[in-house]
Amino acid sequence: MTEHKASISLHTGRTVAEISPLIFGGFAEHMGRCIYEGIYDPASPLADERGFRPDVMSALKEIKYRIMRYPGGNFVSGYRWTDGIGPKEGRPRRRALAWRSTETNQFGPHEFMDFAQELGTEPMWAVNLGTGSIQDAADLVEYMNLPTGTYFSDLRAKNGHADPYGVKYWCLGNEMDGPWQIGHMDAHSYADKAVEAAKLMRWTDPDIKLIACGSSNTAMPTFPDWDRIVLERAGDHIDYFSMHYYAGNPSMYRASDDPDTDSYLASSVQFEEHADVIAAAIRLAKAKNRSKKDVFLCWDEWNVWYKDTSGDGAWLEAPHVSEEVYNLEDALVVAQWLSTFLRKADVIKIACLAQIVNAVSPITTRSDAILRHTTFYPLALFSNHASGHSLDLLVKAPTHETQLYGEVPLLDASASFDAASGQGALFLVNRSQTESLDVTLNWEDAAPQGFSQGWQMSGHDAQAVNSFEAPDAVTAHEIALPALDGHRATLTLPPLSFTALLTRHAPPHS
Ligand code: AHR
């Protein structure tokens, strides 16, 4: 019989790497109701004069997104950025072919920058390498980043913003490996175009950071050759390499339609493997090119997505597409994904949850209210409390057998320690659907002075959800803190649970 006891040994000096705050990022695409009726909703009685809603803004601020990718996604590969500037009444209505919807262009570059500024997040722009030319990409950099005195920077000033926006992060297209993508290419053609776009964009503004497209997911027939080829050709021209993946129960990438919760709750095995493969491809390309350039991972689309995968907007404005309703098990998978980012803090430097409102999102809006789904809570807890360095933990836990991943530990764990503030954070998922897990924490170096706060999400029903009628059915609630006995503490994790615990350590030199 399995003993449901686990242990975690921590040493505040045994670290993986410094945590990049940009792993707590989001993604806002012109898809469904993410922009219109999401972050921009002038028709709502709640909206301010810019069309932003305080309720949406404050929920987004709770998650504390540090970087925001925009404007797509598949949308960007058919987007003319010049449609979205100038007086609103003169902006063209167009068919957005990626999601079969109607784009009014009432929200464009300036509105996005206002939104990013209000949110306090770093903007990350994707350029169109589908129907767009390398010249269009460089023109957009000129429009956003150059001081006045050139055609596009003067146009920006004429449109109300004399100062350069200084957008630092730029994605070279989106999912160009996918046959569904407007302007899809093979790896060699994409790599050539990305290199030429990179050259022009950097010549326009040498301070920008560039992100090339990796595979759209690990089930692509071209994975991971696409990644290897693009990295070998473009590795010296970029700073980051993108990863995309959507998890599900059952996954939309697998043949079987049968849910399998034990396998689903072991998803971080898949996330780690994916990151390891692409990190290896980066190292291989670097060695092959005799290069000195470091390239880091930018997991700029990640989320759970399998229940509502509709993408047909029927040519409507702000159609209801892909409005996922997340349940408890989805929240536990999101928590494991965030723990994966911490465990891989040495290679993953940017990550963007896809997406932030309504479409594939932790928040759903009505014109008069918003709903926080289950996944909102792990996102907010990690983003607000994981800081400093990620710790290299020694975890011992019982295992159980899963269909997709074989023997998997029941405990998924990550931790951070911020030497400057003396705050530690632990993030724990008990994957078992039936058994609680007694976990002993053991600090190998200085013990904390105590625990300062703790939260937990758990329940008996892996499919339990929140709704406008019962918005707090599945949330993270504060828990009683475990007692500290010298260097050790023990706590019990209920089945199907996520726990976040904060520790307080003596400030340095006290
Ligand atoms: O986030 C939704 C879509 O998923 C994005 O537009 C695309 O890049 C991915 O396939």
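Colleague: How far is a polar side-chain atom of Glu175 from an oxygen atom of the ligand?

Modeller: This is a predicted model, where local features need pLDDT of at least 70, side-chain atom pairs count only at pLDDT 80 or more, and totals for chains, interfaces and linings use all residues. Residues are numbered from 1 along each chain as its sequence is written, and side-chain values use heavy atoms, with hydrogens and water left out. A polar contact here is a pair of N or O atoms within 3.5 Å. For Glu175 and the ligand oxygen, the distance is 2.7 Å.

Colleague: Which residue puts a backbone N or O atom 2.9 Å from an oxygen atom of the ligand?

Modeller: Glu301 uses its side chain, with an N or O atom 2.7 Å from a ligand oxygen. The backbone atom at 2.9 Å comes from Asn74.

Colleague: What classes make up the shell around the ligand?

Modeller: Members of the shell include Phe27, Trp99, Tyr246 and Gln355. Ala, Val, Leu, Ile, Met, Phe, Trp, Tyr, Cys and Pro count as nonpolar, Asp, Glu, Lys and Arg as charged, and the others, Gly among them, as polar. The tally is 5 nonpolar, 4 polar and 3 charged residues.

Colleague: Which strands stand at the edges of the sheet?

Modeller: Strands are DSSP runs of E, at least two residues, numbered from the N terminus, and two of them pair if DSSP finds at least two bridges between them. The open, mixed sheet has 5 strands in the order S16-S1-S21-S25-S24. Each edge strand has a single partner, so one side is left without a neighbour in the sheet: these are S16 (394-396) and S24 (484-485).

Colleague: Which residue in S25 stands opposite Leu484?

Modeller: S24 and S25 (residues 488-493) run antiparallel, joined by 2 bridges. Opposite Leu484 stands Ala489.

Terms used: Near = heavy atom within 4 Å. Polar contact = N/O pair within 3.5 Å; in protein donor to acceptor, adjacent residues only side chain to side chain. Helix = DSSP H or I, 4+ residues; strand = E, 2+ residues; numbered from the N terminus.
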